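Please find below a colleague's note on the structure shown here. The points are meant to be read alongside the coordinates.

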2 protein chains.
Amino acid sequence: MSADCVIGVDLGGTKVLAGVLDEEMNVHNRVYRPVHGLPQGELIDTIVGAVEEVREAAGREISAAGFGIPCLIDQRTGVAKMAVNLPIRDMPFRDVMAERLGLPVHVDNDANMAALAEFRAGAAQGVTDAVVLTIGTGIGGGLILGGQLYRGSIGAGAELGHMVIDRDGPRCQGNCPNHGCLEVLASGTALAREGARIAAERPGSLLGRALADGRTVNGALVTELAHDGDQAAIDTLALIGRNLGVGIANYLNIFNPDVVVIGGGVIAAGELLMGPARDEATSRALPTMAEHARIVTASFGPEAGMVGAGALALDELRKVG
Amino acid sequence: MSADCVIGVDLGGTKVLAGVLDEEMNVHNRVYRPVHGLPQGELIDTIVGAVEEVREAAGREISAAGFGIPCLIDQRTGVAKMAVNLPIRDMPFRDVMAERLGLPVHVDNDANMAALAEFRAGAAQGVTDAVVLTIGTGIGGGLILGGQLYRGSIGAGAELGHMVIDRDGPRCQGNCPNHGCLEVLASGTALAREGARIAAERPGSLLGRALADGRTVNGALVTELAHDGDQAAIDTLALIGRNLGVGIANYLNIFNPDVVVIGGGVIAAGELLMGPARDEATSRALPTMAEHARIVTASFGPEAGMVGAGALALDELRKVG
């Protein structure tokens, strides 16, 4: 009698990452493939190829596969409604993958999967109510409410980056028609934009000189220079952290969570981002909410989506079993 | 064999309203008592007196009582943590009432109770996911998620009026330390404030003349003059409606609900408020969310809290039974 193994797959705008998860959520046999710019047919072939390679390398029976994809999903049908960075629109992703792989397939939003990873084995383990924000180019959100992943009535919910915190703020990104969303004020994209603005305003700073030297001002550069002690870079992170903190305050009041988990590339900035975020959130939230909740960084890094997708497949197996 | 009857009690800042609910949620034997300005001891005596009067008038056995109170509740202990408008703070409300009444007592936030009333017998009946905003002096919120009332990890959640939509906006009300919350921009208080401002700016309007005549500009006056066709009053309602719409857009993106229900005194303005709110919400929300959700007015008026408190008591009886 062998324990169940599953495959977890994280599909991003530029890559697919697949791996085998055993029942203790240990990851084996990782495979990574670029997918940037592929048309739909080749994209699907590449994903199937990556999963098949992982499956062969595993050398034992695989019971199911879970997918995290950067897309609104209608959970009633498994149809991927709309993706900002991939040629997927109104596509029956779950059924297509199940047919191609000959496996039970479960699919969910990549940010929901990151939240599930934190809930099953990371920073939100052991709690009942958690808000998970994954901050990269955009801001993805996942909700654990009453001990379960919350997906909204048709499974498209928890778009936590698309909450207005400044109704007259800048136009949001991609397919979002809104203004002043958390995503446009506290994402990695916002960090790069504000970094470039502050660099131009303060040419004597390390950040300003980097800009003058023709370096691309992005989140990684701002974070590096802030860790080197550059005040302009530190101020940029604090500005983004405070914006993030406004959003966290809202989520504290709305959900009264046990924990707010911040993940994604920006957490490389550590306390230079998290300190101002925490200060702003606790000064704005209702005291009962602020006193109860922890505001922490994620346990999982770039593999959060894959681990969560595997956790989804394991959860579904247990339901059936 | 007689069906279960319960007592529902709605406690507000100025009055207590109690009534008997039968299993079909019909209301009988209403009792209304003013409580404005009473110190804690007299307040509790007045509530107990109102419930006892209803109980006697009912003339049949009462199985339990439910209370909606304008307070953060710690559901683990039944302790009322903090009320803005009543002399209640860190008080074991559930246990005190159970002892005084000799009945099983259930207690929850008044806005949660209004949401439960809409879910069991009103505008949110038959759905799984609903956001209910009750707009009066402040804005109360209730969430039905996955077919259940959601209360947050310790039961203090769903403070939906305290979501920032303008991070640099005006200071919020009462005990809220925040700025630019939905409550300070779209409540009845905001309607009165903006009405007075617009009246001063447009002295030739009916609204302006009412102000000059020494009338108090409040939500009821603005609504009355708007229904009379006064453009200044209509514009005031549209302004508040658009602010409300920004908040609704956020809740559409966060929850992907089936329905957003707007209740409270302001809905007397009807489409003059709801039209602009709906337009703003659907222009800002992600299309998948906006297409799925209805945005409607509440079925219950001033009795929503009492009906919901009775529904809570009935729900709890069924759990035990």
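Predicted model: local features only at pLDDT ≥ 70, side-chain atom pairs only at ≥ 80, totals over all residues.

1. Domain division of chain A. Two domains are assigned in chain A: domain 1 comprises 6-116 + 302-320, and domain 2 comprises 127-297. Taken over C-alpha atoms, the centres of these two domains of chain A lie 27 Å apart.

2. Contact between the domains of chain A. Domain 1 contributes 15 residues to this contact and domain 2 contributes 16. On the side of domain 1 that touches domain 2, the elements giving two or more residues are β5 (71-74), β6 (79-83) and α3 (110-121) of chain A. The most is given by α3(A), with 6 residues. By class, this side of domain 1 has 9 nonpolar, 2 polar and 4 charged residues.

3. Nonpolar core. The largest nonpolar core holds 239 residues, and those with the most contacts inside it are Val9(A), Leu237(A), Val9(B) and Leu237(B).

4. Val131(A) counts as buried because 29 other C-beta atoms lie within 10 Å, the threshold being 20 or more. Beyond its neighbours within four places in sequence, Val131(A) is in contact with Leu143(A), Tyr251(A), Phe255(A), Pro257(A) and Val260(A). The C-alpha atoms of Val131(A) and Leu252(A) are separated by 8.6 Å, although these residues are 121 residues apart along the chain.

5. Sheet in chain B. An open sheet of 5 strands, with mixed pairing, runs in the order β11-β10-β9-β12-β13 (chain B). Its edge strands, β11 (148-150) and β13 (294-297) of chain B, each pair on one side only. On average, and with direction ignored, neighbouring strands of this sheet are turned by 25° against each other. Strand β12 (residues 259-263) of chain B pairs with β13(B) in the parallel sense over 4 bridges. Within β13(B), Arg294(B) is the bridge partner of Val259(B).

6. Contact between the chains. Chain B and chain A each supply 40 residues to their contact. On the side of chain B, the elements that give two or more residues are β6 (79-83), α8 (231-255), α9 (271-284) and α10 (287-292) of chain B. Among these, α8(B) gives the most, with 6 residues. This side of chain B divides into 20 nonpolar, 13 polar and 7 charged residues.

Terms used. Residues numbered from 1 in each chain as written. Chains lettered and ligands numbered in written order. Pairing = 2+ DSSP bridges. Axes fitted to C-alpha atoms, helices over the stretch in contact; angles between N-to-C directions. Contact = placed C-beta atoms within 7 Å. Nonpolar A, V, L, I, M, F, W, Y, C, P; charged D, E, K, R; others polar. Buried ≥ 20, exposed ≤ 12 C-beta atoms within 10 Å, placed from the backbone. Core = buried A, V, L, I, M, F, W, Y, C linked by C-beta atoms within 7 Å. Domains from an automatic or database assignment.
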